[in-house]
Amino acid sequence: MKKDFISIQDYTPEELQSMLDLAIQLKKEYFSGGNPPLLKGKVLGMIFQKPSLRTRVSFDMAMRHLGGDALYLSPNEIGLGQRESIADVARVLSGYVHAIMARVFAHEHVLELAKWSSVPVINGLSDYDHPCQAMADALTIIEKFGTLKGVNVTFVGDGNNVCVSLMHIVTKLGGNFTHSGPEGYDMPKQAVELGLQFASKSGSKVRFTRDPHEAVRDAQVIYTDTWTSMGQEAEAKEREKVFPPYQVNEQLVSEADKDCIVMHCLPAHRGQEITDAVADGPHSAIFPQAHNRLHAQKAILVRLFQAG
């Protein structure tokens, strides 16, 4: 039976930990001479409604490293839901490729693809969720602290899709999660309720505060993202008025745990949500985090193909 990778919330803590363990193994293999061709003969179709550096290149290289291939499909080529219905796209591609990765605007689009596709579908980003990023984030935290359990993770900024996925994987795996952002930019209520449920089961703690200084106290991980995500450009001026108190700068980092790491999913708007001094400073884990997209996605691909 085919299995998709649409949201962190769809996976058990054991399944997530197993994929992260596999990512660690695949990363070691890659740097010890290369990965075995576990996906030889497999092709991943990659649908992009939004442009991307990390998602496109990391999925493409993940397939190549594992002996498979990847096919890039640009927004103009597909016209997902416009030139052709999502259901028809899913059914046609299912006969051409062995799995589909889609980076879309609306979460409903990737759900619709998964509904009609007979091959596994991976959510490469939607407006609700960014599960592949969350896997790379968890891998980066585990590499630093050995585990996610009990680690204090603070997200400073917009309660967006990256924040949602991070909260879900942290609470599923027993970390403590804090979100601090301005009023009007909280996570969706449904996502928060799920995070609280996951925390209740794993024994982790979840906090919400408007005060970023309180939020980073004892934080071992400080995470931030752009104030204005792709597709929100019309809101940029309004957002730039309310988000400056939530900038991750040297002062804010100095108030956290002395061994904390700073994370960002990129692209960064330096001078807005994060300063150069922090992004390039001794606490930054931003680029190892970006590189871990490759290894986390290899694990996702292998697990989905094994399930199919």
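**Close-up views of a predicted model**

**View 1. Helices α6 and α7 are oblique to each other.** In this predicted model, angles under 35 degrees count as roughly parallel, over 145 as roughly antiparallel, 65 to 115 as roughly perpendicular and the rest as oblique. Helix α6 spans residues 131-145 and helix α7 residues 161-172; they pack at about 50° with their axes 9 Å apart. The crossing of the pair is right-handed. On the α6 side the contact is made by Pro-131, Ala-134, Met-135, Asp-137 and Ala-138, and on the α7 side by Ser-165, Leu-166 and Ile-169. These residues of the α6 and α7 contact divide into 6 nonpolar, 1 polar and 1 charged.

Conventions for all views: residues are numbered from 1 along each chain as its sequence is written. The model is predicted, with pLDDT of at least 70 needed for local features and 80 or more for side-chain atom pairs, while totals for chains, interfaces and linings use all residues; side-chain values use heavy atoms, with hydrogens and water left out. Helices (H or I, at least four residues) and strands (E, at least two) are DSSP runs numbered from the N terminus. Axes are lines fitted to C-alpha atoms, for helices over the stretch in contact, and angles run from 0 to 180 degrees between N-to-C directions. A crossing is left-handed if the near helix is turned anticlockwise from the far one by less than a right angle, and right-handed if clockwise. Contact means heavy atoms within 4.5 Å. Ala, Val, Leu, Ile, Met, Phe, Trp, Tyr, Cys and Pro count as nonpolar, Asp, Glu, Lys and Arg as charged, and the others, Gly among them, as polar.

**View 2. Helices α6 and α13 are roughly perpendicular to each other.** Helix α13 covers residues 286-307, and its axis lies 8 Å from that of α6 at an angle of about 115°. The crossing of α6 with α13 is right-handed. From α6, Cys-132, Gln-133, Met-135, Ala-136, Asp-137, Leu-139, Thr-140 and Glu-143 take part, meeting Pro-288, Gln-289, Asn-292, Arg-293, His-295, Ala-296, Gln-297 and Ile-300 of α13. The contact of α6 with α13 has 7 nonpolar, 6 polar and 3 charged residues.

**View 3. Helix α1 packs on α13.** The axes of α1 (residues 13-31) and α13 come within 8 Å and cross at roughly 120°. This angle makes α1 oblique to α13. The crossing of α1 and α13 is right-handed. Residues Ser-18, Met-19, Leu-22, Ala-23, Leu-26, Lys-27, Tyr-30 and Phe-31 of α1 touch Asn-292, His-295, Ala-296, Lys-298, Ala-299, Ile-300, Val-302 and Arg-303 of α13. By class, the contact of α1 with α13 has 10 nonpolar, 3 polar and 3 charged residues.

**View 4. Ile-142 sits in helix α6.** With a relative accessibility of 10%, Ile-142 counts as buried (under 20% relative accessible area; exposed is over 50%, partly exposed in between; 1.4 Å probe, protein chains only). Apart from its neighbours within four places in sequence, Ile-142 is in contact with Gln-17, Leu-20, Ile-24, Thr-147 and Leu-148. Its C-alpha atom is separated by 17 Å from that of Ser-202, a residue 60 places away along the chain.

**View 5. The loop between β9 and α12 holds Pro-267 and Thr-275.** This loop runs between β9 (261-264) and α12 (276-279). The peptide bond from Leu-266 to Pro-267 is cis, with omega near 5°. Thr-275 is buried at 17% relative accessibility. Its contacts, leaving aside neighbours within four places in sequence, are Gln-247, Val-248, Asn-249 and Glu-250.

**View 6. Leu-125 and Asp-218 have positive phi values.** Neither residue is a glycine. Leu-125, in strand β4 (residues 121-125), has phi near 155° and is buried, with a relative accessible area of 7%. Asp-218, in the loop between α9 (212-216) and β8 (221-224), has phi near 70° and is exposed at 53% relative accessibility.

**View 7. Cys-163 and Cys-260 are buried.** A search of the whole structure finds 0 disulfides, a disulfide being a pair of cysteine sulfur atoms within 2.5 Å. The cysteine sulfur closest to that of Cys-163 belongs to Cys-265, at 11 Å, too far for a bond. For Cys-260 the closest is the sulfur of Cys-163, at 18 Å, again too far for a bond. The relative accessible area is 0% for Cys-163, and the relative accessibility is 3% for Cys-260.
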